[in-house]
Amino acid sequence: MSNEQAVAILISGRGSNMISLIEQARGYRVALVASDKPEAAGLVWAAAHGLATWSLSPKGIGKVAYEARLDAALHAAGVGTIALAGYMRLLSDDFVARWRGRIVNIHPSLLPLYKGLDTHARAIAAGDAEAGCSVHVVTEELDGGKVLGQSRVPILPNDDADELAARVLAAEHALYPRILSEFVMTPFDRVRDVALTLPETEELIGKSVFTVAGEAFVKFDGDATMTVRRVEDDVDGSTNWTSIDLTGDIDWVSVEDRIARSWELTAPAHLLEAGGR
Ligand code: GRF
């Protein structure tokens with residue numbers, strides 16, 4: 001795994017999102033759980049589950065010294081990505097700049113709506129029909145960085161803030177691990193992940209080729225191009241293979257579909273009958 005895929009989770013409290021990130025880790029590994037609150041309940045859970053933990057209160061030493069120690073702990077753990085999960089302290093602009101583009105957060109609203117605190121009460125007071133949560137990149141602007149993914153839940157008549165918070169929290173637990181996986185995985189990691197979940201596939205290590213029953217169905221080259229078996233509506237009809245570009249904004253639903261179709265065009269009959277996908 002690359003450095004980006006070694007993740008630190010920063011918490012201040014119970015850490016229910018942290019638990020989801022650990023239990024549903026795919027494409028990343030949690031290298032450290034860190035907290036500004038040595039008494040945070042989530043730290044106890046993490047330590048009991050064999051994770052490396054670190055904590056320090058900024059009280060008494062000040063923000064600059066605290067963040068310098070945090071930064072050192074993150075580097076010592078080989079961390080390349082930071083996931084804030086109920087971390088209730090604002091990171092300084094300097095810290096954010098040092099980790100630019102490598103910090104993500106989950107926020108309990110449909111950003112850009114309701115930045116800051118009391119999101120659920122504000123959504124109810126506004127008479128909104130829906131609430132939700134957002135995973136976003138952390139920038140110097142509070143809850144202002146690029147939104148990577150969102151999940152929506154209804155606001156029911158007579159909901160109070162706690163009831164709504166519980167519904168949103170359940171959505172957070174499903175959303176955050178999925179978006180963090182997507183954030184840290186390279187296109188090749190994702191292609192591999194999809195290819196290897198299909199029945200009886202193998203990877204020709206070092207060649208970036210995936211096979212079923214010894215026949216290639218996905219090839220990946222270093223320029224982020226995936227080659228799959230051609231289907232009828234492909235424009236390029238000159239070969240049995242077609243190239244799909246995996247740079248820029250990638251439509252992963254259609255990429256996953258192309259990998260599965262290529263597998264179907266390659267797999268022997270007995271595997272197709274067994275169901276394929
Ligand atoms: C969650 O509502 C999250 O959206 C917000 O803080 C809360 C943390 O809960 N950032 P937990 O500690 O993950 O249980």
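The ligand takes up the space of the largest pocket. Here a pocket is an open set of points on a 1 Å grid over the protein atoms alone, with protein on both sides within 12 Å along at least five of seven lines, and a molecule sits in it if more than half of its atoms lie within 2 Å of its grid points.

A word on the basis: this is a predicted model, where local features need pLDDT of at least 70, side-chain atom pairs count only at pLDDT 80 or more, and totals for chains, interfaces and linings use all residues. Residues are numbered from 1 along each chain as its sequence is written, and side-chain values use heavy atoms, leaving out hydrogens and water.

Around the ligand (a heavy atom within 4 Å) you will find Arg 14, Gly 15, Ser 16, Asn 17, Gly 86, Ile 106, Pro 108 and Glu 172. Polar contacts, pairs of N or O atoms within 3.5 Å, include these:

| Residue | Protein atom | Ligand atom | Distance |
|---|---|---|---|
| Gly 15 | backbone N or O | oxygen | 3.0 Å |
| Ser 16 | polar side-chain atom | oxygen | 2.5 Å |
| Ile 106 | polar backbone atom | nitrogen | 3.0 Å |

Taken alone, the ligand exposes 360 Å², and the protein buries 86% of that; areas come from the Shrake-Rupley method with a 1.4 Å probe.

Pro 108, listed above among the ligand's neighbours, also lines the largest cavity, as do Leu 110, Tyr 114 and His 120, among others. A cavity is a set of grid points where a 1.4 Å probe fits but cannot get out, and lining residues have an atom within 4 Å of a point.

Key: A polar contact is a pair of N or O atoms within 3.5 Å; within protein, one must be able to donate a hydrogen and the other to accept it, and residues adjacent in sequence count only if both atoms are side-chain atoms.
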